[in-house]
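Take a moment to look over the sequence and the structure below. Then we will walk through them together, one part at a time.

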Amino acid sequence: MAIHISSSPFLMARAPRTNTRRQFHVGASGSGGEPKVMIRKETSGWKIDFSGEKPATPLLDTVNYPIHMKNLSSQDLEQLAAELRADIVYSVSKTGGHLSASLGVVELTVALHHVFNTPEDKIIWDVGHQAYPHKILTGRRSRMHTIRQTSGLAGFPKRDESIYDAFGAGHSSTSISAGLGMAVARDLLGKKNHVISVIGDGAMTAGQAYEAMNNSGYLDSNLIVVLNDNKQVSLPTATLDGPAKPVGALSKALTQLQSSNKFRKLREAAKGITKHMGGPTHEVAAKVDEYARGMISASGSSLFEELGLYYIGPVDGHNLDDLVTIFQKVRSMPAPGPVLIHIVTEKGKGYPPAEAAPDKMHGVVKFDPTNGKQFKSKSPTLAYTQYFAESLIKEAEADSKIVAIHAAMGGGTGLNYFQKKFPDRCFDVGIAEQHAVTFAAGMAAEGLKPFCAIYSSFLQRGYDQVVHDVDLQKLPVRFALDRAGLVGADGPTHCGAFDITYMACLPNMIVMAPSDEAELMHMIATAAAIDDRPSCFRFPRGNGVGVDLPHENKGTPLEIGKGRIMIEGYRVAILGYGSIVQTCLKAADSLKAHDIFVTVADARFCKPLDAELIKRLVHEHEILITVEEGSVGGFGSHVAHFLSLNGLLDGNIKLRSMVLPDRYIDHGSPQDQIEEAGLSSRHIAATVLSLLGRPKEALRYK
Amino acid sequence: MSAVLPGSNIGGALHPCPELSTTRIGGGDRPSRLLPWRRRQPRLPKLISSAFKTKAAVGEGGLLEEKKGSFYELLGISEEGSLEEIKKAYKKMARKYHPDVSPPDRAEEHTRRFIEVQEAYETLSDPSRRALYDRRLARGLHFAFSTRTGFDEELEERSLWKNRWNDQVAELKRRSMSKDSEENLSWGARMRRKRAESSIE
């Protein structure tokens with residue numbers, strides 16, 4: 001593959017590269033000779049003009065793969081970083097996605113690819129939404145406009161997508177573990193490549209990171225861990241009032257690595273001595289100073305040293321020279337063992353609207369690059385998350401024992417609103433789901449009413465705690481499972497397919513799912529009222545349907561184990577669980593045109609099942625279809641099991657269960673994903689038709 | 001009064017810090033190479049409005065004693081103070097020291113205090129500025145704090161970091177030379193030795 005060096009006459013370099021680095025312009029002109037988008041270097045740094053147009057990126061245009069970066073000079077690399085920034089802002093402004101995490105690691109990405117030889121060397125990005133610059137530099141620049149869309153690039157690293165993506169990461173804190181595994185494999189197979197794991201300070205709040213570091217220290221295999229510290233120890237990176245204060249003692253430790261209290265105390269003491277004695281003791285004071293500095297910078301990093309990693313840092317994560325120097329030196333060492341390089345970056349660096357925004361523009365929809373304003377579409381209804389937050393606040397106002405717990409997802413779970421109202425009753429434990437669950441169990445054991453709001457896919461991490469600490473002991477912890485079912489652009493890593501299965505198989509758990517936002521509010525009230533056993537309810541990503549809300553957003557507890565019939569029909573009954581009931585209603589509506597009038601029921605509860613309702617449906621209909629947006633083993637399985645145990649399958653009923661298929665559904669728009677999964681209203685109606693013996697109509701169903 | 005500041009080296013060995021050629025100390029008479037804590041004369045630059053303790057010392061005259069003053073002490077809160085505490089303390093002090101409500105004979109002193117309280121609040125209520133301030137406080141530089149020198153301070157801090165990690169990398173290199181000697185029984189060392197042996201053959 002020939003390397004195309006841009007020799008366009010429009011490329012203007014106004015200053016010789018050797019001495020003055022003051023004014024260095026990179027521009028490309030159109031036909032008129034006027035530079036369009038300028039990326040220029042000034043004494044204080046690179047300035048990029050973010051206009052709405054595609055930025056001119058002459059150097060980035062020559063880089064398709066990391067190998068094209070090998071011969072770039074230091075100045076070239078800086079220019080490349082600036083161009084990469086401009087490209088990312090432009091690209092994400094058109095597609096939406098994660099912005100500021102990528103901006104913070106531009107220099108790191110450039111340095112890593114320049115120094116190391118991917119794909120032989122492995123770079124593992126923890127929580128890959130920072131991997132946009134990595135994707136651009138590894139042959140996917142031309143497809144960046146498809147990111148997070150159906151059949152486009154994934155928003156996270158994906159092994160299937162490219163050989164440069166060493167490990168898929170969507171849940172955080174896994175990169176060191178994976179990196180260690182790759183390092184050990186390399187050693188056993190006699191290979192010589194390097195393994196680099198990048199992890200953030202937020203991800204460090206998870207236990208798995210320590211498990212991995214502990215093991216790395218013990219095994220002593222060569223491994224480079226880059227700790228990307230941008231002081232954003234909570235996600236999304238803000239409360240309603242502004243940047244979140246770092247959670248927990250860990251971030252303090254990291255801050256201390258930069259400032260060191262002990263050092264300061266020593267200084268204060270030295271000051272005191274100096275004052276009293278004056279004169280030549282100043283020399284002594286200075287020596288103490290030096291000593292202290294040397295001592296403290298070694299022991300200040302004792303957190304990592306204790307675990308067996310050699311600590312280097314802190315390093316300015318936006319200084320390419322520094323990064324390249326360090327990486328080159330470490331790379332050239334024969335036996336460094338596990339090394340931790342602590343770099344300090346700023347999230348959203350280089351794009352002023354992101355730097356200034358309270359949540360640093362972590363996740364954005366399409367926006368205007370000149371000012372960072374997002375094009376948020378207006379919707380008549382709010383997101384389920386918001387209804388959840390409002391309703392929980394109302395419950396908490398009535399009952400002072402209600403508390404809320406989340407794992408670093410204040411914005412995503414809506415609990416930022418709760419936190420604002422009840423700052424002492426909202427607990428953010430950092431990215432630590434296991435701890436969150438047992439923490440809630442402890443609270444419940446002593447009489448509080450904890451609501452654990454954790455995404456369906458993230459609760460997977462704390463599953464043993466749910467079983468052993470909560471369910472086995474029958475403690476009344478309430479789980480609010482947001483992002484249940486398919487989640488759209490985030491893809492399979494965030495897909496909440498399994499929660500019905502893993503919750504409903506637990507003996508003491510009450511499992512319910514609302515079909516609309518009013519039901520959600522009632523279920524929150526129900527959960528608050530269930531005080532003798534654990535309970536959970538799931539709701540999807542997306543907005544409500546527009547039903548009337550209960551007065552003042554305060555729900556009333558439902559009767560446990562009782563569903564409801566939405567539409568009365570005959571011959572065919574569709575029993576839906578959760579928000580998919582709305583899809584069932586749509587299917588029922590479209591079947592009227594074919595002269596078919598189906599019964600639609602909302603099960604509400606998967607555990608305990610509404611036995612009466614199900615028996616009635618079986619006795620009064622010929623066909624029973626259960627529908628849920630969950631994997632096999634969930635609601636449909638429970639209904640089938642119930643029917644078989646009660647001898648109801650021995651008769652005349654035709655039973656079909658519609659569930660998510662037994663494979664991972666790729667990222668895409670929600671509609672595309674539902675189509676792919678076979679759970680759209682069209683599919684439901686077609687199923688009915690084919691069961692009624694009208695297969696031709698089923699096939700032709702629009 | 002001579003403000004004797006920590007780490008100062010009057011006539012002693014050079015403090016291991018890179019030189020900075022800024023004129024943030026006082027007026028622009030000559031490019032001063034002295035770092036702020038190495039000042040010998042108590043020049044009170046106009047920039048340093050937050051050094052309330054030195055002003056207080058000079059104003060009241062007499063006592064040579066420096067009052068150690070950080071923004072936290074000024075506001076009367078602990079260094080771990082939350083935003084709420086900072087706001088409350090600020091409001092309380094602002095009400096007390098506002099020039100409009102101060103008795104005429106204490107007006108000047110109160111106004112000075114008010115300005116100091118104002119700056120303290122502005123710094124501590126902004127998380128990033130507060131973080132910067134905390135770092136400098138830890139290194140004993142808080143009394144020279146001023147937002148206008150923020151950029152230079154950052155530069156200086158970064159260069160301190162550079163020295164430190166250069167040392168660390170050198171130490172690692174040294175260690176790694178002897179890391180795989182026979183005494184090291186770790187799994188990684190054993191694998192590296194095996195690989196080294198097999199590549200020699």
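Is A:R186 buried or exposed? A:R186 has 4% relative accessibility, so it counts as buried, where buried means under 20% relative accessible area, exposed over 50% and partly exposed in between, with a 1.4 Å probe and protein chains only. Before we go on, note that this is a predicted model, in which local features need pLDDT of at least 70 and side-chain atom pairs count only at pLDDT 80 or more, while totals for chains, interfaces and linings use all residues. Residues are numbered from 1 along each chain as its sequence is written, chains are lettered from A and ligands numbered from 1 in the order in which they are written, and side-chain values use heavy atoms, with hydrogens and water left out.

Let us stay with A:R186 for a moment. A:R186 forms a salt bridge with A:D187, with 3.1 Å between the closest N and O atoms; a salt bridge is a side-chain nitrogen of Lys or Arg within 4 Å of a carboxyl oxygen of Asp or Glu. Side chains of opposite charge can pair when their charged atoms come close. A:D187 counts as buried because its relative accessibility is 6%. A:D187 also meets B:R195 in a salt bridge, at 3.5 Å from N to O. That pair crosses between chains, from helix α7 (residues 187–200) of chain B to helix α6 of chain A. Helices (H or I, at least four residues) and strands (E, at least two) are DSSP runs, numbered from the N terminus. Elsewhere, A:D516, A:E519, A:R564, A:D602 and A:R604 are joined into one network by salt bridges that share partners.

Over all chains, the structure holds 35 salt bridges. One of them links the side chains of A:D87 and A:R141, 3.0 Å from N to O. A:D87 lies in helix α2 and A:R141 in the loop between α5 (132–140) and α6 (175–189) of chain A, so this pair ties together parts that are 54 residues apart in sequence. Both A:D87 and A:R141 are buried.

Next, the nonpolar interior. A nonpolar core is a set of buried Ala, Val, Leu, Ile, Met, Phe, Trp, Tyr and Cys residues joined through side-chain atoms within 4.5 Å. The largest one has 62 residues, and A:L99, A:I312, A:F327 and A:I341 have the most contacts inside it. Helix α2 (residues 74–95) of chain A gives the most to this core, with nine residues. Contact means heavy atoms within 4.5 Å. Leaving out residues up to four places away in sequence, A:I312 touches residues of both chains, among them A:I326, A:V330, B:W165 and B:L172. A second, separate core of 51 residues includes A:V437, A:Y455, A:I500 and A:F635.

A:S102 is found in helix α3 (residues 100–104) of chain A, and its relative accessibility of 0% is why it counts as buried. Beyond its neighbours within four places in sequence, A:S102 is in contact with residues including A:I88, A:H129 and A:Y132.

Finally, step back to chain A as a whole. Chain A has 25 helices and 24 strands, and 58% of its 702 residues count as buried. Among contacts in chain A between residues at least 6 apart in sequence, 74% join residues at least 24 apart.
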